[in-house]
Amino acid sequence: MKIAFLGPHASFTQLAATQLFPDEELLPQANILDCFNTVNSGEAEKAVVPLENSIEGTVSMTLDYLYKTPAIKIEAEGVMPIAHHLMIHPDHNPEDIERIFSHPQALAQSFHFLDTHYKEVTRQDFSSTAAAAKYVSENKDLKIAAVANQFAANLYGLKIIHRNIQDFEQNHTRFIVITKQQPAYHNTNLEILGEKSGMLINLPEDHAGGLHQVLSVFAWRKMNLSKIESRTLKTGLGNYFFFINVVGKWEEILHGNALLELKSINAEVDFLGNYKEFLLES
């Protein structure tokens, strides 16, 4: 089976994909859209993409593509502790750094450290932490550094000069497995943290109390929502869809009737699936 993931090699997403699918062929992709397209076209059966970070919040691109590709569902979730390290080419010295490269979220998650120790050094966004590490390794003539993980440092032969530079100890990223097949995912080697359902909801025609009407469908059934987030539809100001997580196992009568009630009030619902959440190692 082929599993796409947000690459390149040594990205945090590859670390997640390796644990979720230890025996499958992994295909690195340049960006999140490519991951969705690869699954949508059938080139890969599944893909692993980041959904949310505990410090920087939701990866908006992932939510947008879940909305734009309704054939794709969520099969599983993995939560990984994130450790960022500052690394340079082994032939360089820490005091020579002129630019620091990394993914925008990694730079944001390490903001206070970088602002304290490298305030005058330019920071530059890169497509991923691993791509930044690879760029540093391939450009010995440049006085640059990367914020990335231990896997990337090992793979690209870089020297770590500062470890665990993330601003908060409790830095975790949530990854999802996306697929068009939606079989039940099983992995006896990983600890199960919980179970949830995911759905995308468009509100009924805009009117006072519209959101309350939708939320009341869950409230009177005492269905616990662990997440509700709005995203713009990009069709004009004030137009949104909502991503909602409902905690617990799928119960056909309870959940099924909730979906029917949502549709009865003219809310558009894309049910993304009921799936387990697994704990991953950093």
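This is a predicted model: local features need pLDDT of at least 70, side-chain atom pairs count only at pLDDT 80 or more; totals for chains, interfaces and linings use all residues.
Biologist: Which residues belong to domain 1 and which to domain 2?

Modeller: The domain assignment gives 2–81 + 172–180 + 192–279 as domain 1 and 85–162 as domain 2; such bounds come from an automatic or database domain assignment. The C-alpha centres of domain 1 and domain 2 lie 31 Å apart. To their contact (heavy atoms within 4.5 Å), domain 1 brings 14 residues and domain 2 brings 12 residues.

Biologist: What area is buried between domain 1 and domain 2?

Modeller: About 1100 Å² is buried between domain 1 and domain 2, and carbon and sulfur atoms give 66% of it; buried area is the accessible area (1.4 Å probe) that two parts lose on being put together, summed over both. Four residue pairs, both at pLDDT 80 or more, are in polar contact between domain 1 and domain 2, meaning a pair of N or O atoms within 3.5 Å; within protein, one must be able to donate a hydrogen and the other to accept it, and residues adjacent in sequence count only if both atoms are side-chain atoms.

Biologist: Which elements give two or more residues to the side of domain 1 that touches domain 2?

Modeller: Those elements are helix H1 (12–20) and strand S4 (57–58), and H1 gives the largest share, three residues. Helices (H or I, at least four residues) and strands (E, at least two) are DSSP runs, numbered from the N terminus.

Biologist: Changing topic, in what order do the five strands of the open sheet come?

Modeller: The order is S8-S7-S9-S6-S10, with mixed pairing, and two strands pair if DSSP finds at least two bridges between them. Strand S8 (122–125) and strand S10 (159–162) stand at the edges with a single partner strand each, so one side of each is left without a neighbour in the sheet. From one strand to the next the twist averages 35°.

Biologist: In what sense do S7 and S8 pair, and what lies across S7?

Modeller: Strand S7 (residues 99–102) pairs with S8 in the parallel sense over four bridges, and Ile 100 has Arg 123 in S8 as its bridge partner. Helix H6 (residues 129–138) lies across S7, as well as across strand S6 (85–88) and strand S9 (144–148), and runs at about 150° to S9; axes are lines fitted to C-alpha atoms, for helices over the stretch in contact, and angles run from 0 to 180 degrees between N-to-C directions.

Biologist: Back to salt bridges: how many does the structure hold?

Modeller: The structure holds 15 salt bridges. One of these joins Asp 91 to Lys 140, with the closest N and O atoms 2.8 Å apart. Asp 91 lies in the loop between S6 and S7 and Lys 140 in the loop between H6 and S9, so the pair ties together parts that are 49 residues apart in sequence.

Biologist: And which residues does the cis peptide bond join?

Modeller: The cis peptide bond joins Gly 7 and Pro 8, with omega about 5°, and Pro 8 is in the loop between strand S1 (2–6) and H1.

Conventions: Residues are numbered from 1 along each chain as its sequence is written. Side-chain values use heavy atoms; hydrogens and water are left out. A salt bridge is a side-chain nitrogen of Lys or Arg within 4 Å of a carboxyl oxygen of Asp or Glu.
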